[in-house]
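Dear colleague,

I am passing this structure on to you, and below it you will find what came out of looking through it. Please keep the sequence and the model open while you read.

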Amino acid sequence: MSTENWYCLKARPRQERTAKSTLIHDLDIEVFCPLLRFERARRSGRVKVSEAMFPGYLFARFDYEQLYRQVRTTRGISTIVSFGAGPVIVPNTIISELREAVSEGETIEIPTAIHIGEEVRILDGPFQGIQAVVTNVLPARERVTVLLELLGMEREVEIAEKAVIPNIPHPLASR
């Protein structure tokens, strides 16, 4: 008799994808590792990045009695999360609710649209690194107007939309 349940697995640092792939391909286990996709500022400009929604953790559905040794020693896995004498069983309802919140690719897209009044950081050009406030969004021209303080005076400057990024915290950062 198979008694498959969902368990929370602790991955080694930044090894969620490796662990997921290994569990699926080597042990044929159902794995759920939701991701957040958002834009982040880099020296080269704005880039889309994907990070685990629960950094360092993923969920796997398996028969604990039969597979716990193989799961625990899987490449990328640190341990099976336990409290007291045994592993923590994650209720099916929690996994179902999480799956409803994510797309087919197990990813939640965090929008980074720029809005009037929002503070942004300039990523490119002569004003690189300066913080500014958006005063106008010109979607047809893919540009924004920002208010800069230069030499003690405020000036409006038009910049390419891709040259600025909103000052938004990491989606999981405490507020």
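**Aromatic residues**

Phe 59 counts as buried, at 9% relative accessibility, where buried means under 20% relative accessible area, exposed means over 50%, and partly exposed lies in between (1.4 Å probe, protein chains only). Before going further, please note that this is a predicted model, in which local features need pLDDT of at least 70 and side-chain atom pairs count only at pLDDT 80 or more, while totals for chains, interfaces and linings use all residues. Residues are numbered from 1 along each chain as its sequence is written, and side-chain values use heavy atoms, with hydrogens and water left out.

A pair of aromatic rings is described by the distance of the centres and the angle of the planes. Here, rings of Phe, Tyr and Trp (its six-membered ring) pair if their centres lie within 6.5 Å, and planes under 30 degrees apart count as stacked, over 60 as edge-to-face and the rest as tilted. A search of the whole structure gives 5 aromatic pairs. In one of them, the ring centres of Tyr 7 and Tyr 64 are 5.5 Å apart and the planes stand at 40°, so this pair is tilted. It joins distant parts of the chain, since Tyr 7 belongs to strand E1 (residues 4-11) and Tyr 64 to helix H2 (residues 64-72), 57 residues apart; helices (H or I, at least four residues) and strands (E, at least two) are DSSP runs, numbered from the N terminus. Tyr 7 is buried, with a relative accessible area of 4%.

Phe 32 and Phe 59 form an aromatic pair that is stacked, with 6.4 Å from centre to centre and 25° between the planes. This pair, too, links distant parts of the chain, with Phe 32 in strand E2 (residues 30-32) and Phe 59 in strand E5 (residues 57-63), 27 residues apart. Phe 32 is buried, at a relative accessible area of 0%. One aromatic cluster is made up of Tyr 7, Phe 62, Tyr 64 and Tyr 68.

**Helix H1 and its two loops**

Most residues other than glycine have a negative phi. Arg 14, although not a glycine, has a positive phi of about 55°; Arg 14 lies in the loop between E1 and helix H1 (16-27) and counts as exposed at 74% relative accessibility. Asp 28 is likewise a residue other than glycine with a positive phi, near 55°, and is placed in the loop between H1 and E2, where Asp 28 counts as exposed at 69% relative accessibility. Within helix H1 itself sits Thr 22, which is buried, with a relative accessible area of 10%. Leaving aside residues up to four places away in sequence, Thr 22 touches Leu 27, Thr 74 and Arg 75, a contact being heavy atoms within 4.5 Å.

**The protein as a whole**

The protein has 3 helices and 15 strands. Its radius of gyration, taken over C-alpha atoms, is 22 Å, well over the 16 Å that the globule rule (2.2 Å times the number of residues to the power 0.38) gives for 175 residues, so the protein is more spread out than a compact globule. The C-alpha atoms fill a box of roughly 75 × 30 × 25 Å along the principal axes. Of the 175 residues, 37% count as buried.
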